[in-house]
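The following paragraphs lead the reader through one protein model, from its overall make-up to individual residues. Please keep the sequence and the coordinates at hand while reading.

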Amino acid sequence: MRKRSLLIGVVAAACTALGGLSAPAVATPADTPETMIIGGHDATEQYSFIASLQSGGRHLCGASLIKPDWVVTAAHCVQGGGQFTVRVGSNDRTSGGEQAGVTRVKTHPGGDLAVLQLDRQLRSRPIDIASESGSVGTRTRIVGWGQTCPTRGCGGAPRTLQELGTSIVGDAECGGISGSTEICTDNPGGDSGACYGDSGGPQIKGAPGSWELIGATSRSGNGSPVCATGPSVYTDVAAYSHWIARSTR
């Protein structure tokens with residue numbers, strides 16, 4: 001089993017969004033369902049780094065606290081612009097944790113990745129970025145909020161954070177993937193995984209108390225409009241660690 005490369009490759013600008021859209025959808029309160037995980041369950045622990053990216057009090061995307069005043073998410077979550085806030089460190093997307101405004105957004109020129117500077121430093125513990133995402137077979141976990149049924153608009157978003165255990169699979173399982181900068185992630189049982197609006201949320205590896213960030217939800221791996229019918233593509237955050245370090249100084 002090969003190690004995933006840490007070399008930054010050119011990521012195609014036109015990529016397939018989660019749920020079969022022709023490109024990553026810009027997250028807006030009007031037309032984007034909230035973060036969702038199909039086939040998951042209520043979070044079994046508190047994730048100090050988990051962030052709900054919001055606009056007008058409504059959840060748009062997931063994000064991860066990587067420094068006291070910086071979060072990382074998917075670029076397509078913020079491409080539409082607007083006034084963003086985050087709620088960090090709470091399993092309830094509507095209350096608890098810490099809140100902050102977003103003062104600056106930096107998007108990667110080629111990858112589906114963005115870092116957002118907050119208007120204050122938070123007390124919540126950030127997550128470390130892994131040195132590498134891992135080889136095929138690496139066990140991972142995805143976390144997020146939202147609709148838990150597989151078709152667009154089929155249900156509302158739960159208040160409680162959801163989680164799902166999954167693993168890295170071979171790049172050949174995901175269509176249009178850039179192997180050096182993206183992760184192909186399994187859909188356990190053929191019916192579990194990320195869905196519309198899950199964008200930007202974390203994919204992690206390790207164990208409670210020592211989780212490391214490896215990915216940010218990007219898009220569907222098979223182009224189907226029905227969620228979790230195939231593996232999903234995650235931006236390989238570890239592969240962009242040098243860009244993230246430079247951008248968050």
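The model is a predicted one, in which local features need pLDDT of at least 70 and side-chain atom pairs count only at pLDDT 80 or more, whereas totals for chains, interfaces and linings use all residues. Residues are numbered from 1 along each chain as its sequence is written, and side-chain values use heavy atoms, with hydrogens and water left out.

Of the 249 residues, 58% are buried. Here buried means under 20% relative accessible area, exposed means over 50%, and partly exposed lies in between (1.4 Å probe, protein chains only). Among contacts with a separation of 6 or more, 72% are between residues 24 or more positions apart, a contact being heavy atoms within 4.5 Å.

Two strands are said to pair if DSSP finds at least two bridges between them.

Six of its six residues are buried, so strand E3 is largely enclosed by the rest of the structure. Ile50, Ser52 and Gln54 point one way from E3, while Ala51, Leu53 and Ser55 point the other way. E3 is joined to E4 by six bridges, and the two strands run antiparallel. E3 and E4 form a hairpin with two residues between them, and Gly56 in the turn has a positive phi of about 60°. E3 also pairs with E6 in the antiparallel sense, over four bridges, and here Leu53 stands opposite Val86 in E6. E6 in turn pairs with strand E7 (residues 98–107), again antiparallel and over four bridges; Val88 stands opposite Glu98 in E7.

The structure holds one aromatic pair. Tyr47 and Phe49 form this pair, which is edge-to-face, with 5.7 Å centre to centre and 70° between the planes. Rings of Phe, Tyr and Trp (its six-membered ring) pair if their centres lie within 6.5 Å; planes under 30 degrees apart count as stacked, over 60 as edge-to-face and the rest as tilted. Tyr47 is buried at a relative accessible area of 0%, and Phe49 also counts as buried, at 5%.

A search of the whole structure finds two disulfides, each being a pair of cysteine sulfur atoms within 2.5 Å. In the disulfide of Cys61 and Cys77, the sulfur atoms are 2.2 Å apart. Cys61 lies in strand E4 (residues 58–67) and Cys77 in the loop between strand E5 (70–73) and strand E6 (85–88), so the pair ties together parts that are 16 residues apart in sequence. The torsion about this S-S bond is about -95°, so the disulfide is left-handed. Both Cys61 and Cys77 are buried.

The other disulfide joins Cys174 and Cys184, whose sulfur atoms are 2.1 Å apart. Cys174 is in the loop between strand E11 (162–167) and strand E12 (182–185), and Cys184 is in strand E12, so the pair ties together parts that are ten residues apart in sequence. Its torsion is about 85°, so this disulfide is right-handed. Cys174 is buried at 5% relative accessibility, and Cys184 at 0%.

Cys195 is found in the loop between strand E13 (193–194) and strand E14 (202–205) and is buried, with a relative accessible area of 0%. Cys195 and Ala228 are 33 residues apart in sequence and 6.7 Å apart in space, C-alpha to C-alpha. Ala228 is in the loop between strand E15 (212–220) and strand E16 (232–236) and counts as buried at 6% relative accessibility. Most residues other than glycine have a negative phi. Ala228, although not a glycine, has a positive phi of about 65°.
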